[in-house]
Amino acid sequence: MSGSNAEISRDDVAHLANLARIDLTEDELERLAPQLSVILESVATVAQVAADDIPPMSHAVPLSNVFRPDEVRPSLTPEQALAAAPQVDQQRFAVPRILGEEA
Amino acid sequence: MTDLTRLTAAALADALAAREVSAVEATQAHLDRIAAVDGGVHAFLHVDVDGALATARAVDDARAGGTAVHPLAGVPIAVKDLLATNGLPTTCGSKILQGWIPPYDATVVARLKVAGLPILGKTNMDEFAMGSSTEHSAYGPTRNPWDLGRIPGGSGGGSAAAVAAYETPLAVGTDTGGSIRQPGAVTGTVGVKPTYGGVSRYGLVALASSLDQAGPVTRTVLDAALLHELIGGHDPQDSTSIDSPVPAVVEAARRADVTGMRIGVIAELGGEGYQPGVRARFDDVVALLSKAGADAVEVSCPSFDYALAAYYLILPSEASSNLAKFDAMRYGLRVAPDGVEVPSAEEVMSASRAAGFGDEVKRRIILGTYALSSGYYDAYYGSAQKVRTLIARDFDAAFEEVDVLVSPTAPTTAFRFGDKLDDPLAMYLNDIATIPANLAGVPGLSVPSGLADEDGLPVGVQLLAPALADDRLYNVAAAIEAMLAEQWGGPLLAQAPELEVRT
Amino acid sequence: MTTTSADPVTFEDALERYDPVMGMEVHVELNTASKMFCGCSTVFGADPNTQVCPVCLGLPGALPVVNARAIESAIKIGLALNCSIAPWCRFARKNYFYPDMPKNFQTSQYDEPIAYSGWTEIEVDGVSYRIEIERAHMEEDTGKSLHVGGATGRIHGASHSLVDYNRAGIPLIEIVTKPIEGTGAKSPEVARAYVAHLRELVLGLGVSDVRMEQGSMRCDVNLSLRPIGVTTLGTRSETKNVNSLRSVERAVRHEIGRHAAVLDGGNRIVQETRHWHEDTGVTTAGREKSDAEDYRYFPEPDLVPVAPSREWVEALRAQLPEPPSLRRARLQADWAFSDLEMRDVAGAGAMNLVAETVAAGAAPQAAKKWWLSELARYANEHDIAIDDVPMSPEQVAQVQGLLDAGRINDKLARQVFDGVLSGEGTPEEVVARRGLEVVSDDSALGDAVDRAIEANPDVAAKIAAGKHAAAGALIGAVMKEMRGRADAGRVRELILARLG
């Protein structure tokens with residue numbers, strides 16, 4: 001991927017769209033690339049103040065060790081679970097043929 | 001009889017408790033109001049007439065039977081369409097969830113139901129809470145009751161407009177970067193983002209998990225406090241929820257005393273880029289607070305200059321991951337790609353997401369995917385997390401000096417539809433004052449501060465307090481509200497134009 | 001580049017020129033009652049989609065909460081592998097799209113595993129190997145897909161798939177070794193021994209039933225070759241679908257040969273995931289895999305850090321069963337076995353079984369004898385783990401008890417084993433049903449002896465003349481008449497008493 005100067009090309013966007021499983025039209029690709037470049041340029045400023053000795057903050061709440069006991073709780077009924085499924089077969093979610101192998 | 005829809009939630013609750021009015025009457029009055037004005041405002045995506053009235057009846061029966069009920073029982077409420085409501089559609093303002101009916105309730109919703117608040121319906125929002133104007137809703141925008149040609153703010157424009165239009169006395173919204181507070185400012189209503197972890201996120205469709213919070217949207221500070229106490233508190237189903245009692249916000253709202261309080265004016269917020277009328281009303285409030293016995297000083301939070309940048313890296317990154325679940329396999333829109341006879345799962349996912357997500361959502365997902373990519377993580381997401389630390393430190397340092405921080409809530413008043421749609425960055429700037437609170441997890445509140453001279457539109461002032469000190473916000477806000485009401489001879493909303501009623 | 005080659009390279013030949021390096025990734029499914037992040041039941045074999053909830057189904061708005069017992073189990077596994085337990089760690093999201101993953105990310109751990117830098121020791125043919133453990137971390141399992149419409153029920157050629165999310169969210173611990181080097185020709189056995197040892201360790205902790213054939217223990221084998229003497233690692237392949245200990249050994253052996261054939265042909269190994277086929281004994285190509293698979297890991301914002309206190313870790317350490325090496329030394333002393341005898345028992349994976357048999361009353365030597373002969377043979381013939389033979393240590397002790405009481409002899413004992421293993425019943429039942437009890441009635445035996453003496457006068461004469469060794473033929477005759485149901489020693493006594 002290109003990206004020395006926070007610039008995103010149309011091909012970069014196409015690659016990212018593939019990773020994100022979104023079919024973008026040619027028009028969208030052309031439009032998004034410059035928009036994203038502009039945004040990226042402005043947000044890239046974070047690197048300026050992100051010194052090595054500053055710890056990153058992943059959580060806004062100082063909690064740790066939040067657990068639940070190993071107890072079984074009621075599940076949804078299969079009807080509830082499958083209610084919104086686009087397609088159901090044999091009480092399972094029917095999905096189109098999968099191309100890739102499991103990771 | 002007084003128009004029930006003009007009552008505050010507190011006043012309505014008193015009337016209900018005194019059996020002067022029934023919950024059914026109160027609920028029906030609001031349903032009628034919705035029918036009369038929502039054609040123009042479009043605050044609601046779904047109105048649940050039967051459900052709301054059923055709850056109201058049950059509350060009336062309970063009261064009649066002498067059973068003790070929650071003080072707010074029977075007071076109607078609207079819920080932002082980002083919260084899961086069992087049996088009611090939950091679209092998150094997106095086509096990809098059109099018609100989705102969750103099989104469970106968000107914890108916040110469950111608490112409303114237990115307390116007996118009739119849920120009038122689900123309110124409009126920017127798609128997946130991404131936006132500052134509600135123009136990005138897949139179901140059409142909501143209009144600002146002050147001027148139907150202008151935005152009501154976002155992402156929670158629907159909740160704020162509903163409250164401002166007297167369609168409901170209470171609403172629950174969500175705030176990730178200002179989505180409760182900014183609409184509050186531009187519609188002349190009160191909006192609160194509690195301390196992160198103060199209100200359960202279970203059932204809130206996640207946008208940026210480390211920033212999202214649900215909170216009250218109301219017309220008065222006391223109403224917000226009453227609702228805050230109901231929805232707040234620990235939830236074992238949310239690992240990030242704080243296990244301590246809700247701060248004493250109602251008591252603080254009733255106290256409304258700022259004598260001896262130290263107020264910090266944030267130097268970095270409120271200068272250039274802020275509309276003159278916004279600044280003027282802000283200065284007025286600071287002066288008022290000084291007169292009321294508070295000590296106002298300027299504080300500097302230099303890292304706030306990087307808050308917007310950090311936010312627009314953290315949010316898209318987390319959102320890109322949170323929105324991956326919408327893939328047409330288990331629920332939601334499923335679309336087959338054009339011209340492919342036997343499409344694969346991958347192809348169906350891509351086609352469905354392309355059809356179901358709007359532009360802003362796509363933009364942020366792509367941006368987030370980029371910011372998390374290997375090779376780019378350190379420069380973007382990783383760096384943004386460090387800026388977050390700096391912002392938290394600035395807050396900590398500031399709160400050593402002052403009890404509460406203040407700033408204008410938003411840089412402008414409500415702009416016209418279409419004004420900022422072509423320039424995403426310009427749209428993002430609406431959140432410049434509200435974002436720091438989400439990044440640090442501290443609570444924030446917006447209370448109306450007046451009308452801007454140049455356009456006569458509402459302006460809000462933002463208060464910020466340390467984590468878990470939400471009560472300070474309510475105390476100061478209530479004081480401001482009282483002093484301004486005295487100046488205006490009533491609430492700011494009373495100055496709003498009357499909406500056209502459809503008969 | 002393809003990896004087929006005209007002339008297959010033999011294993012021995014490959015090892016003359018190449019040095020194998022292995023990496024083992026084992027996933028252990030924990031036996032918690034509820035899932036990793038929600039309260040759904042984990043019971044195996046339920047009807048599809050009956051054990052799902054908003055959390056494990058990935059419904060919008062749902063949030064995970066960590067199962068305390070899963071953390072405990074993870075720590076125990078880490079301690080049993082001599083790992084350091086992280087004082088502070090987080091979960092991370094591994095982002096990729098796949099229909100069996102409801103959120104399209106897996107909540108796992110990335111650069112902060114709960115356990116790391118450990119080791120364990122295994123033995124193969126009397127040689128000890130120290131296996132360095134890189135890490136053990138927590139993650140959640142995916143749902144299960146049925147691929148419909150293809151020839152083999154596998155993904156290729158399927159027209160659609162049916163997904164059951166009952167398994168989604170069940171806790172997994174992934175254990176990753178550092179590269180295992182210097183195992184040479186023993187590589188297949190070392191790999192197998194490592195997995196067997198890991199299985200035994202985890203079983204001893206009581207945190208999983210580690211049944212490879214049921215999927216509660218899954219093994220991925222990574223292998224690369226480098227020319228002997230070279231230090232840089234070769235390109236590796238990853239082999240999945242290795243569902244038994246035998247498969248582990250066979251897959252390693254096969255891959256060594258395959259890699260060698262490719263390299264000999266001047267081609268390059270493709271870094272890919274391969275699929276092991278136990279029936280045909282080969283691996284087939286799967287997905288091309290790149291080390292830079294972009295999972296866009298970032299810390300899981302919906303879960304707070306896990307920071308096990310040192311007190312908690314030590315309390316869990318105190319709960320651990322005796323480390324296998326210490327236990328082994330103690331048992332060896334108790335049983336008075338030689339090093340070689342102990343090695344045989346350990347190598348057969350029969351230590352626990354022998355111990356239980358001894359606990360049920362059999363002498364150690366006797367217990368060892370049966371487990372390493374009849375039962376080991378049965379396990380091999382049926383290609384099952386020795387733990388899975390359909391006979392319990394108590395039953396083995398019962399058979400030995402019958403022997404000790406003189407009710408059966410050694411040959412009859414083997415028939416009892418055969419009967420119990422065939423499902424005919426308990427040892428007593430088999431003895432009764434098949435009439436295997438030794439005749440202990442001296443008068444009946446005496447009659448048989450008399451008949452044998454009468455029938456073999458020359459042999460009898462020899463014995464009478466002092467050649468007691470000749471008694472063997474008479475004993476044989478008596479045993480034949482008694483259909484083996486006699487104690488040979490007693491028969492001999494009776495013969496000598498009459499003739500001697």
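**Figure 1. B:Ala43 and the residues around it.** Leaving aside neighbours within four places in sequence, B:Ala43 is in contact with B:Asp38, B:Thr123, B:Asn124, B:Thr142, B:Gly158, B:Ala161, B:Ala162, B:Ala165 and B:Glu167 (contact: C-beta atoms, placed from the backbone, lie within 7 Å). This is a predicted model: local features need pLDDT of at least 70, side-chain atom pairs count only at pLDDT 80 or more, and totals for chains, interfaces and linings use all residues. Residues are numbered from 1 along each chain as its sequence is written, while chains are lettered from A and ligands numbered from 1 in the order in which they are written. Where does B:Ala43 lie? Its place is the loop between helix H2 (23–41) and strand E1 (44–47) of chain B (helices, H or I with at least four residues, and strands, E with at least two, are DSSP runs numbered from the N terminus). B:Ala43 counts as buried because 30 other C-beta atoms lie within 10 Å (buried: 20 or more such atoms within 10 Å; exposed: 12 or fewer; partly exposed: in between). One of its contacts is B:Gly158.

**Figure 2. The peptide bond from B:Gly154 to B:Ser155.** Is this bond cis or trans? The bond is cis, with omega near 5°. B:Ser155 sits in the loop between strand E3 (119–123) and helix H5 (157–164) of chain B.

**Figure 3. B:Ala54 in its helix.** B:Ala54 belongs to helix H3 (residues 49–64) of chain B. It has 14 other C-beta atoms within 10 Å, so it is partly exposed. Now look across chain B to B:Val286.

**Figure 4. A:Gln90 and C:Arg296, two residues with positive phi.** Phi of A:Gln90 is near 50°, a positive value in a residue other than glycine. A:Gln90 is in the loop between strand E2 (88–89) and E3 of chain A. Is A:Gln90 buried or exposed? A:Gln90 is exposed, because 12 other C-beta atoms lie within 10 Å. C:Arg296 is not a glycine either, and its positive phi is about 50°. Its loop runs between E14 and strand E15 (298–299) of chain C. C:Arg296 is buried, with 24 other C-beta atoms within 10 Å.

**Figure 5. Helices H8 and H10 of chain C where they cross.** H8 covers residues 351–359 and H10 covers residues 393–404. Their axes come within 8 Å and cross at roughly 55° (axes are lines fitted to C-alpha atoms, for helices over the stretch in contact; angles run from 0 to 180 degrees between N-to-C directions). H8(C) is therefore oblique to H10(C) (under 35 degrees is roughly parallel, over 145 roughly antiparallel, 65 to 115 roughly perpendicular, the rest oblique). The crossing is right-handed (the near helix is turned clockwise from the far one by less than a right angle; anticlockwise is left-handed). Which residues make the contact? H8(C) brings C:Leu353, C:Glu356 and C:Thr357, and H10(C) brings C:Pro393, C:Val396 and C:Ala397. By class, four residues are nonpolar, one is polar and one is charged (nonpolar: Ala, Val, Leu, Ile, Met, Phe, Trp, Tyr, Cys and Pro; charged: Asp, Glu, Lys and Arg; polar: the others, Gly among them).

**Figure 6. Chain C against chain A.** The contact takes 45 residues from chain C and 34 residues from chain A. Four elements of chain C each supply at least two residues of its side: strand E2 (66–67), helix H2 (68–80), strand E9 (160–164) and strand E14 (282–288). E9(C) gives the most, with five residues. The side of chain C has 25 nonpolar, 13 polar and seven charged residues.

**Figure 7. Chain A against chain B.** Here 47 residues come from chain A and 59 residues from chain B. On the side of chain A, helix H1 (10–19), helix H2 (26–43), helix H3 (46–49) and strand E3 (92–96) each supply at least two residues. Which element of chain A gives the most? H2(A) does, with seven residues. By class, the side of chain A has 35 nonpolar, eight polar and four charged residues.

**Figure 8. The domains of chain C.** Domain 1 is 11–312, domain 2 is 322–434 and domain 3 is 442–499 (bounds come from an automatic or database domain assignment). The centres of domain 1 and domain 3, taken over C-alpha atoms, are 63 Å apart. Chain C has 16 helices and 15 strands. Of its 500 residues, 47% are buried.

Conventions
Contact = placed C-beta atoms within 7 Å.
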